[in-house]
Every structure is written in C-alpha cells, then in structure tokens.
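Please keep the sequence and the 3D view at hand while reading.

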Amino acid sequence: MATVPEAKEALNKFKMEAASEVGVNLKQGYNGDLTSKQAGSVGGQMVKKMIKAYEDSMK
C-alpha cells in the first residue's frame, strides 16, 4: 500500500483542528495517553465535520 505524504499531512491537520475544537490537546506523534473519552471526542468531531462537508457539497 502506497501512502501519499500530502494526504497524510492533510489528515493530520484535520485531526489537530478537530481536537482543538473539542478541547483535547494533541501532540505530534504518539497520543496513546489519551483517555477513551478524549479519543472518541476527536474521532466524533472529525466525523461530524466530514458529514457537514458532504452535506454542504450536495447543496
């Protein structure tokens, strides 16, 4: 499986923005010390933003 550096960078930026929006302090690299609640909040925020972007593109 090939990775696209630009895509990885964009996804990481997206994750950092989502974390900031829900008040979770992510650091570059390893974040295994997050609680399940914190990690779930970040993932949930990312999904909300993706759904909104998709809905906006359908208008």
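Helix α1 (residues 5–21) packs against helix α2 (residues 36–57) at an angle of about 110°, and their axes are 8 Å apart. That makes α1 roughly perpendicular to α2. The model is predicted: local features need pLDDT of at least 70, side-chain atom pairs count only at pLDDT 80 or more, and totals for chains, interfaces and linings use all residues. Residues are numbered from 1 along each chain as its sequence is written, and side-chain values use heavy atoms, with hydrogens and water left out.

**Helix packing**

- Two packed helices are described by the angle between their axes and the distance between the axes.
- Axes here are lines fitted to C-alpha atoms, for helices over the stretch in contact, and angles run from 0 to 180 degrees between N-to-C directions.
- Angles of 65 to 115 degrees count as roughly perpendicular, under 35 as roughly parallel, over 145 as roughly antiparallel, and the rest as oblique.
- From α1, the residues L11, F14, K15, E17, A18, A19 and E21 meet V42, Q45, M46, K49 and M50 of α2, where contact means heavy atoms within 4.5 Å.
- By class, the contact of α1 with α2 has seven nonpolar, one polar and four charged residues.
- In this classification Ala, Val, Leu, Ile, Met, Phe, Trp, Tyr, Cys and Pro count as nonpolar, Asp, Glu, Lys and Arg as charged, and the others, Gly among them, as polar.

**Salt bridges**

- The structure holds five salt bridges, each defined as a side-chain nitrogen of Lys or Arg within 4 Å of a carboxyl oxygen of Asp or Glu.
- Side chains of opposite charge can pair when their charged atoms come close.
- K13 and E17 form a salt bridge with an N to O distance of 3.5 Å; both residues lie in helix α1, four residues apart, about one turn of the helix.
- K13 is exposed at 55% relative accessible area, whereas E17 is partly exposed at 34%; buried means under 20% relative accessible area, exposed over 50%, and partly exposed in between (1.4 Å probe, protein chains only).
- K49 and E21 meet in a salt bridge at 2.9 Å, N to O.
- K49 lies in helix α2 and E21 in helix α1, so this pair ties together parts that are 28 residues apart in sequence.
- K49 is partly exposed at 24% relative accessibility, and E21 is partly exposed at 45%.
- K27 forms a salt bridge with D33, in which the closest N and O atoms are 3.1 Å apart.
- K27 is partly exposed at 42% relative accessibility, while D33 is exposed at 54%.

**Residues in helix α2**

- Q45 lies in helix α2 and is buried, with a relative accessibility of 16%.
- The side chain of Q45 makes a polar contact with the side chain of E21 at 2.7 Å.
- A polar contact is a pair of N or O atoms within 3.5 Å; within protein, one must be able to donate a hydrogen and the other to accept it, and residues adjacent in sequence count only if both atoms are side-chain atoms.
- Leaving aside neighbours within four places in sequence, Q45 is in contact with A18, E21 and V22.
- G43 is also placed in helix α2 and is partly exposed at 28% relative accessibility.
- G43 and V22 are 21 residues apart in sequence, and their C-alpha atoms are 10 Å apart in space.

**The loop between the helices**

- N31 lies in the loop between α1 and α2 and counts as buried at 17% relative accessibility.
- The side chain of N31 reaches the backbone oxygen of G29 at 3.1 Å.
- G29 is in the loop between α1 and α2 and is exposed, with a relative accessible area of 61%.
- G29 and G44 are 15 residues apart in sequence and 20 Å apart in space, C-alpha to C-alpha.

**Overall make-up**

- The protein has two helices and zero strands; helices (H or I, at least four residues) and strands (E, at least two) are DSSP runs, numbered from the N terminus.
- The C-alpha trace spans about 40 × 30 × 20 Å along its principal axes.
- Of the 59 residues of the protein, 15% count as buried.
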